[in-house]
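Work through the exercises below with the structure in view. Try each task before you read its solution.

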Amino acid sequence: QLFPAALDSANSYGRFETVPFSGSFNGAGHTISNLYIVNFREPSTGMFSVLDSAARLDSLTLKDYYFQGIYSGGIAGENYGVINAVHVDTDTLDFVTSAGGLVSTNYGEISNSSFSGTLKGAYLGGIAYENFGTISNSRVNIKNGTAGRELTMFGGIAHKNRGTISDCNTEGGIKASVNIGGIASVNYGLVERCSSSVDIVGTGGTTYTGLKINDVAALGGLVAVDSGKIYNSHASGDITASATNA
């Protein structure tokens, strides 16, 4: 964690009381290779911990990046600022739960960015675990693995979308247990001008604390469970379901 949490600071804030990064980081198109982060002790981690509303991160690629953590993201745990033209091209990011290829939770803006690689864990999003802000003009090429974890949920761009996802596209393959969507697992917000060619396989057929997964599994080319709005979008991937609600 290059910009670490400072839990005893009077200026700390956020879900995990971290001191945010509030400056500007311009990668100038350069690439950071072979970054290795393992941190299960502090949630909300990544290359940065928290990017506050004044922060801006531009023009950077992380390649061959290995990460293990919880409630985290490849770039930041939480983003309140602007992430633009940032790309994560990696083999595996291994999250226990509630994580995204770029951020765990997005309250700000993510644009012109991408994730390519494998995500492992539960409750995952290709760009963000949960989006309250905007994600635009971004793409995901996903090869995921459940690593035997039950009740895995997966959204190609975001697990939960409560904001806006626009002009995004996803491709690759997702294999998980329940609530798998090419763009979002659960959509409460707006999805517009998006496309997904993700091949989705719902594993189903198992139980978790007495709950039959194949009774609750929902699969959707764009969105698994929708309570929001979807405009001018399409899906073309194959869906293989063991449950009926696909």
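**Exercise 1. Ser 114**

Solution: 
- This is a predicted model, so every value below is computed from it.
- The cut-off for buried is under 20%.
- Now look beyond the neighbours within four places in sequence. Ser 114 is in contact with Val 86, His 87, Val 88, Leu 102, Ile 127 and Arg 139.

**Exercise 2. The nonpolar core**

Task: Find how many residues the largest nonpolar core has, and which have the most contacts inside it.

Solution: 
- The largest nonpolar core has 48 residues.
- Ile 75 and Leu 102 have the most contacts inside this core.
- Several elements give two or more residues to it, among them strand 3 (48-51), strand 4 (56-63), strand 10 (114-125) and strand 21 (195-202).
- Strand 7 gives the most, with six residues.

**Exercise 3. Aromatic pairs**

Task: Classify the ring pair Tyr 65 and Phe 67, then the pair Tyr 107 and Phe 132.

Solution: 
- The count comes to six aromatic pairs.
- Take Tyr 65 and Phe 67. Their ring centres are 6.2 Å apart and their planes are at 75 degrees, so the pair is edge-to-face.
- Tyr 65 is buried, at 1% relative accessibility. Phe 67 is buried too, at 0%.
- Take Tyr 107 and Phe 132. The centres are 5.0 Å apart and the planes are at 10 degrees, so this pair is stacked.
- Tyr 107 lies in the loop between strand 8 (103-106) and strand 9 (109-111), and Phe 132 in the loop between strand 11 (128-131) and strand 12 (134-136), so the pair ties together parts 25 residues apart in sequence.
- Tyr 107 is partly exposed, at 38%. Phe 132 is partly exposed, at 36%.

**Exercise 4. Salt bridges**

Task: Find the salt-bridge partner of Lys 63 and that of Arg 162.

Solution: 
- The count comes to five salt bridges.
- Lys 63 pairs with Asp 89, with the closest N and O atoms 3.2 Å apart.
- This pair links distant parts of the chain: Lys 63 is in strand 4 and Asp 89 in strand 7, 26 residues apart.
- Lys 63 is partly exposed at 34% relative accessibility, and Asp 89 is partly exposed at 31%.
- Arg 162 pairs with Glu 130, with the closest N and O atoms 2.5 Å apart.
- Arg 162 lies in the loop between strand 15 (158-161) and strand 16 (164-166) and Glu 130 in strand 11, so the pair ties together parts 32 residues apart in sequence.
- Arg 162 is partly exposed at 36%, whereas Glu 130 is buried at 10%.

**Exercise 5. Positive phi**

Task: Find where Asp 64 lies and where Asn 112 lies.

Solution: 
- Asp 64 is not a glycine, yet its phi is positive, about 50 degrees. It lies in the loop between strand 4 and strand 5 (66-69).
- Asn 112 also has a positive phi, near 50 degrees. It lies in the loop between strand 9 and strand 10.

Technical notes
Residues numbered from 1 in each chain as written. Predicted model: local features only at pLDDT ≥ 70, side-chain atom pairs only at ≥ 80, totals over all residues. Heavy atoms only, no water. Core = buried A, V, L, I, M, F, W, Y, C linked by side-chain atoms within 4.5 Å. Buried < 20%, exposed > 50% of the residue type's maximum accessible area, 1.4 Å probe, protein only. Helix = DSSP H or I, 4+ residues; strand = E, 2+ residues; numbered from the N terminus. Phe/Tyr/Trp six-rings, centres within 6.5 Å; stacked < 30°, edge-to-face > 60°. Contact = heavy atoms within 4.5 Å. Salt bridge = Lys/Arg side-chain N within 4 Å of Asp/Glu carboxyl O.
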